[in-house]
Amino acid sequence: MIACGLDFGTSNTTLGLAGANGPRLAALEGDAVTVPSALFYDRDGHAEIGRAAIARYVDGQDGRLLRSIKSVLGSALIEEKTQVGRSAIGFREVIADFLRTVKSRAEAGEGRAIEAVVLGRPVFFVDNDAAANARAEAVLREVAATVGFREVSCQFEPIAAAFDYEQQVRAEEIALIADIGGGTSDFSVVRLSPERHRAAERAADILANDGVRIGGTDFDRHLSLGELMPLLGYRSPMKRPGRDVPSGYFHELATWSRINRLYTARTLRELQEVRREAAEPERVERLIHVLAEQRGHTLAMQAEEAKIALSSRPSTTVDLGWLEPGLAREILAPALVTHTAELARRIAARVESCVRAAGLGLADIDALFLTGGSTRLPHVRAAIVAAAPQARLVEGDTFGSVGTGLAIEAARRYGARAA
Ligand SMILES: Nc1ncnc2c1ncn2[C@@H]1O[C@H](COP(=O)(O)OP(=O)(O)OP(=O)(O)O)[C@@H](O)[C@H]1O
Ligand SMILES: [Mg+2]
């Protein structure tokens, strides 16, 4: 049986193959082993995925872009339909379309069908709701079965990352794994060693798992609400004293998985009303323009790009000339920190709670292993490191550790294929 590990991420997806010579990531878009978790549906409902999907949207082709579809798992949106082309389809179907394409690309590379999968899952799809978490995992498993996997099981994403890290561990140690992704932040405390790596059963080595539904997309949202949405009328006054432009539109527009819900005739009619009553109607006019032209993802991508730029530069300028000639916003790195300090604090708080749940003290942690794109944010990284200051810092494969570790787990559970 050919088995794989599938890291269906909020922002990026990888698929690890369990070969006899060890795990490796499959090429999923050209030579790239990561594929953005994005779909573009054209007018006929035909779907493209990944960078190609984003490119079609950026080129202005007629259709719908969907991103952050994993965030829909565990939320009420999963039971909703979304307009693609002339019809509306459910989010299960959207996720199935994405995973089916990923599976078939990996199979094309292998020349054989992949029958078994270990699906990565966050420790918590949603916070403080066991039933919603169980439902989210059940939906993910169902979708995996729908796209043709005959054997389906799950593993926590940080545990998978631990198994990737364990390949380089030379002596027994206690490691804290931190996976800060696009949608969630996940932590595990695990006992690792070369001998244990060969064992079939690892349950006793997993000392604790913890997580929180905060990831890079939340940083995008807060940055957008803090710096870009005010240009479109967020927190700007209505003519009637004491009232602001209703904030709901801006929260949806700044949330990747909810943008398309704003593209309705009704919303546009409502906003014409709002514009008439707004003290600064020219701002609301920009919002109307973004929605009428369905450019919400353009704005979200610019917020994300600004965030990424500010993680290595002191300032960046968001060029909004497409929205209005000459419109631009300069953002300084400290502003990103200010808008998102609370998110970083809540992420770092899980470090301590995870270590406590393991029945250990921070001094017992030998290594701190970092993976996930949002560990590139300096203030997030600093907050995590400060929570476990004496641990040796180990850099993982930022975008590949979870997928590689899931392939290791797949080999354990389903057997590694002879090369
Ligand atoms: N250089 C960078 N600086 C800051 N953030 C970055 C950088 N590179 C990527 N990111 C962010 O990392 C996130 C994606 O990381 P990753 O691919 O690990 O997430 P994911 O696995 O798709 O999500 P999850 O595991 O939460 O489902 C995005 O929010 C992206 O903006
Ligand atoms: Mg991830």
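This report describes the overall fold of a predicted model and the surroundings of its ligand.

## Basis of the model

In this predicted model, local features need pLDDT of at least 70 and side-chain atom pairs count only at pLDDT 80 or more, whereas totals for chains, interfaces and linings use all residues. Residues are numbered from 1 along each chain, chains are lettered from A and ligands numbered from 1 in the order written, and side-chain values use heavy atoms, without hydrogens or water.

## Overall architecture

The protein has 13 helices and 18 strands, taken as DSSP runs (H or I, at least four residues; E, at least two). Its radius of gyration, over C-alpha atoms, is 22 Å, close to the 22 Å of the globule rule for 419 residues, so the protein is as compact as a globular protein of that length. That rule is 2.2 Å times the number of residues to the power 0.38. Along the principal axes, the C-alpha atoms fill a box of roughly 70 × 50 × 40 Å.

## Shell around ligand 1

Ligand 1 is surrounded by 22 residues (a heavy atom within 4 Å); the closest are Thr10, Ser11, Lys70, Glu304 and Lys307. The shell comprises three nonpolar, 14 polar and five charged residues, with Gly counted as polar and Asp, Glu, Lys and Arg as charged. Helix H10 gives the most to this shell, with three residues.

## Polar contacts

Polar contacts are pairs of N or O atoms within 3.5 Å. Oxygen atoms of ligand 1 lie 2.6 Å from a polar side-chain atom of Thr10 and 2.7 Å from a side-chain N or O atom of Lys70. A nitrogen atom of ligand 1 is 2.9 Å from a polar side-chain atom of Ser311.

Technical notes. Polar contact = N/O pair within 3.5 Å; in protein donor to acceptor, adjacent residues only side chain to side chain.
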